[in-house]
Amino acid sequence: MTRHSIAAVLLLGSLVACSKAPTASETDAPAAASVDTLSGAKFADFKGDPGAGEAIFVQCKSCHAIEPGVNRTGPSLHGVVGRKAGIIDGFHYSPPMRNSGIVWSEPKLFEFLELPRHVVPGTMMSFAGIDDPQKRADVIAYLKANGS
C-alpha cells in the first residue's frame, strides 16, 4: 500500500466514524423543544393583533377551521394554543406530526408557521409558511382569541 492509499483509507475511516446516524432522541427532542426561527425573529418581540390575524387566517380556512370538532384537510385549530400536536380524535395525522412531541406554545406556533416542513419534516401539511413575523404573531393572536 502506498502512503497516499493509506492516507485515503484513514480519511475514509474518520469520515465514516463522524457520520453516524442520529438516534431517535437526538432527532426528536430539538424539534419539540426548539423555538428558533429561520429568520431569527423571536415571538416575544411581536404583539399580535387578532383582527389582523383573522384576515390572514383566510388563507388557512381551506384546510382548517377554528370551530371545535370541525376537521377538514387539516385538523380543527380550536384550542390549539397549549395543545399537544397530533391528538385530535378522528383526524389522521402523519406519523412525524403525531410523534413530534410538540406542545403548541405561542413561540412554537410562531416557529412552525414560518416553515412547517422545517419544524416537522415529513408533515403532510403542504403550506409553504408565512415569512412575515408580524403576520405570524397576528394569526396566533387570532387563534388564541378564538378558542385557546
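How much space lies in the largest pocket? In this predicted model, local features require pLDDT of at least 70 and side-chain atom pairs pLDDT 80 or more, whereas totals for chains, interfaces and linings use all residues. Residues are numbered from 1 along each chain as its sequence is written, and side-chain values use heavy atoms, without hydrogens and water.

The largest pocket holds about 600 Å³ of space. A pocket is an open set of points on a 1 Å grid over the protein atoms alone, where a 1.4 Å probe fits, with protein on both sides within 12 Å along at least five of seven lines; lining residues have an atom within 4 Å of a point. The lining comprises 31 residues, of which His64, Gly74, Pro75, Phe112 and Met125 are the closest to the centre of the pocket. Helices H5 (106-114) and H7 (133-145) are the elements that give two or more residues to this lining, and H5 supplies the largest share, three residues. Helices are DSSP runs (H or I, at least four residues) numbered from the N terminus.

The axes of H5 and H7, fitted to C-alpha atoms over the stretch in contact, come within 9 Å and cross at roughly 130°, on a scale from 0 to 180 degrees between N-to-C directions. In the contact (heavy atoms within 4.5 Å), Glu106, Leu109, Phe110, Leu113 and Glu114 of H5 meet Pro133, Arg136, Ala137, Val139, Ile140 and Lys144 of H7.

Key. Points joined across faces, edges and corners; volume = space filled by probe spheres on them.
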